[in-house]
Amino acid sequence: MALVKPVSNENWKISSGYGWRWHPILQKRLFHKGIDINVPCGTNVYAVDDGIIKDVGYSPTKGVYIDIDHGNNLISSYYHLESYPNNII
């Protein structure tokens, strides 16, 4: 598996890293199991590797999201998206 950066836009930054952090909404210390990448609205987002779409939808906490199963117990999740193509579901 050759993981790649999920955005091609050079105007990106890590807004929250993996590990313990102060949760900005719940106002308590929680373990963050991912890396949040902040990009401008409208930036295309790409899967980090081939996989099968596990879930697509909207939730109050994730916003518009896509979860992709890459096998071997590896799942990548993309939250707070603006939209996704109609042909992926």
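**Figure 1. Asp69 stands opposite Ile75 of strand 7.** The close-up is taken from a predicted model. Strand 6, made up of residues 63–71, pairs with strand 7 in the antiparallel sense, and the two share 6 bridges.

**Figure 2. An open sheet is formed by 3 strands in the order 5-6-7.** The pairing in this sheet is antiparallel. Strand 5 (52–59) and strand 7 (74–81) each have a single partner strand and stand at the edges, so one side of each is left without a neighbour in the sheet. From one strand to the next, the twist averages 15 degrees.

**Figure 3. Trp20 and Phe31 belong to an aromatic cluster that also includes Tyr18.** The model contains 3 aromatic pairs. Trp20 and Phe31 form an edge-to-face pair, with 5.5 Å centre to centre and 80 degrees between the planes. Trp20 lies in strand 2 (residues 19–22) and Phe31 in strand 3 (residues 29–32), so their pair ties together parts that are 11 residues apart in sequence. Trp20 counts as exposed, at 54% relative accessibility, whereas Phe31, at 37%, counts as partly exposed.

**Figure 4. Tyr65 and Tyr79 form an edge-to-face aromatic pair.** The rings of Tyr65 and Tyr79 are 6.2 Å apart centre to centre, with 90 degrees between the planes. Because Tyr65 lies in strand 6 and Tyr79 in strand 7, the pair ties together parts that are 14 residues apart in sequence. Tyr65 counts as buried, with a relative accessibility of 8%, while Tyr79 counts as partly exposed at 36%.

**Figure 5. Lys62 lies over the face of Tyr65.** Lys62 is placed at 4.5 Å from the ring centre of Tyr65.

How values were computed. Residues numbered from 1 in each chain as written. Predicted model: local features only at pLDDT ≥ 70, side-chain atom pairs only at ≥ 80, totals over all residues. Heavy atoms only, no water. Pairing = 2+ DSSP bridges. Helix = DSSP H or I, 4+ residues; strand = E, 2+ residues; numbered from the N terminus. Axes fitted to C-alpha atoms, helices over the stretch in contact; angles between N-to-C directions. Phe/Tyr/Trp six-rings, centres within 6.5 Å; stacked < 30°, edge-to-face > 60°. Buried < 20%, exposed > 50% of the residue type's maximum accessible area, 1.4 Å probe, protein only. Lys NZ or Arg CZ within 6 Å of the ring centre and 35° of its normal.
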